[in-house]
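Please look at the sequence and the 3D structure shown below, and keep both in view while reading.

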Amino acid sequence: MRLKRRMLLPSIFLSLALVATACGGADDGETGGETGGETGGETGGDVMAAPISADEVCSRDFSGVSAPDGFKVGLVTDIGKVNDGTFNQFAFEGMQAAADCFGFETNFIETQSEADYARNLTAILEDDPDVVITVGFLLATDTLEFAENNPETLFIGIDQFQLEYPDNYIGILFREDQGGFLAGAMAGLLTESNVVGVVGGREDVPPVVRFVNAFKTGAEFVNTDVEVLQVYIPSFTDPAAGSSAAEQFIGEGADVIFGAGGQTGSGGVKAATEQGLWGIGVDQDEYFTTFNAGAAPGADKLATSAIKRVDLGVLFNIAAAVQGDFAGGIFTLEAANDGITYAPFHDADIPADVATRIEEIRVGLADGSIDTGVDPVTGLPERAEFQAEL
């Protein structure tokens, strides 16, 4: 079977944009080389509106649409829980939003170890679901096998690339290189020491590699003097290890830490913010998860988060299943359709020039005038210079 490539049309996401207010332009011909670290003067606040919620998308796009009687959706997490504040939770929230929107029953199983993947998929199928959602790259092999062996069930795999997809299997993919680039640019603009760090999760997971490598290119894009420290940790659920790695980076002079590894990365972000240094979250807005809507210590030093709209990817593909429009293949979310973006600054005192610059970069990624310098599939660096027309 030939690989089917299915891109979310930009028109569908038109009102999902975190719409910019007036963005002051950079100097003519300036494509990088600025150094961050200015903290005085006018602060940026939020130059973008709050992201549209899944409930708002339901009201706007699917009013009056209901699931058939007896329709069921099940979800199997990667290692972790549905309230872990990271990737699993965002997928779960997308399923719950779809359930509220269309009216169907849900079930989920939380994975404890990789050895449980096949067992959990077998268990979730015992409930006879119409759709099964599996979360994470590491579930890709088992999801493909189960999709091929259960052709009457539809499968949605988050972060799962296959060379070929059966008609009942969609892989939701993301341009993590764009998210990492945004996080790196923010770090490069904010640093005063010209040393920043990224705490990554497992190096054998391509989305993590894309985040880490593009963080470096994004920081260098705006700051030619920056040094980028990086580490991969073989777990997504070890915040203590993430914190320890961040402490080491801080000891080497880092004053901005990006966490790109689930709860492990969040441990690194908290280690920085609790010392009054900048942190940058990942996947969803960590202000509401890791920092408990601003109640946790260090919330005012969370500069932003590199967001992957996992919830909307889940919602739209369940909608396709409900309406009989499900088609196997790749479903890509990126800056061009607002599936990749950055979170509002919330309590963070972000200078106005930094806020303006990061929004210019987001727009440049969306319209193609800025290249991340990282291969969007392998995550490996592609070129040393980037093209931009801002």
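Ala54 is buried, with a relative accessible area of 9%, where buried means under 20% relative accessible area, exposed over 50% and partly exposed in between, for a 1.4 Å probe and protein chains only. This is a predicted model, in which local features need pLDDT of at least 70 and side-chain atom pairs count only at pLDDT 80 or more, while totals for chains, interfaces and linings use all residues. Residues are numbered from 1 along each chain as its sequence is written, and side-chain values use heavy atoms, with hydrogens and water left out.

**Surroundings of Ala54**

- Ala54 lies in helix 1 (residues 54–61); helices (H or I, at least four residues) and strands (E, at least two) are DSSP runs numbered from the N terminus.
- Leaving aside residues up to four places away in sequence, Ala54 touches Ala97, Arg309, Asp311, Leu312 and Leu315, where contact means heavy atoms within 4.5 Å.
- Ala54 and Cys101 are 47 residues apart along the chain, and their C-alpha atoms are separated by 9.0 Å.

**Helix 2 and helix 9**

- The axes of helix 2 (residues 87–102) and helix 9 (residues 310–322) come within 7 Å and cross at roughly 40°; axes are lines fitted to C-alpha atoms, for helices over the stretch in contact, and angles run from 0 to 180 degrees between N-to-C directions.
- Helix 2 is therefore oblique to helix 9, since angles under 35 degrees count as roughly parallel, over 145 as roughly antiparallel, 65 to 115 as roughly perpendicular and the rest as oblique.
- Residues of helix 2 that meet helix 9 include Phe87, Phe90 and Met95, and among their partners in helix 9 are Val310, Val314 and Ile318.
- The residues of this contact divide into 12 nonpolar, 1 polar and 1 charged, with Ala, Val, Leu, Ile, Met, Phe, Trp, Tyr, Cys and Pro counted as nonpolar, Asp, Glu, Lys and Arg as charged, and the others, Gly among them, as polar.

**Helix 5 and helix 6**

- The axes of helix 5 (residues 176–190) and helix 6 (residues 206–222) come within 6 Å and cross at roughly 40°, which means that helix 5 is oblique to helix 6.
- Among the residues making the contact are Gly180 and Ala187 of helix 5 and Phe211 and Ala214 of helix 6.

**Helix 10**

- In helix 10 (residues 352–367), the buried residues include Val354, Ile358 and Leu365, and the buried residues of helix 10 pack against helix 5, helix 6 and strand 13 (340–342).
- Just after helix 10, Gly368 takes a positive phi of about 85°.

Definitions and conventions:
Expected span 1.5 Å × (residues − 1).
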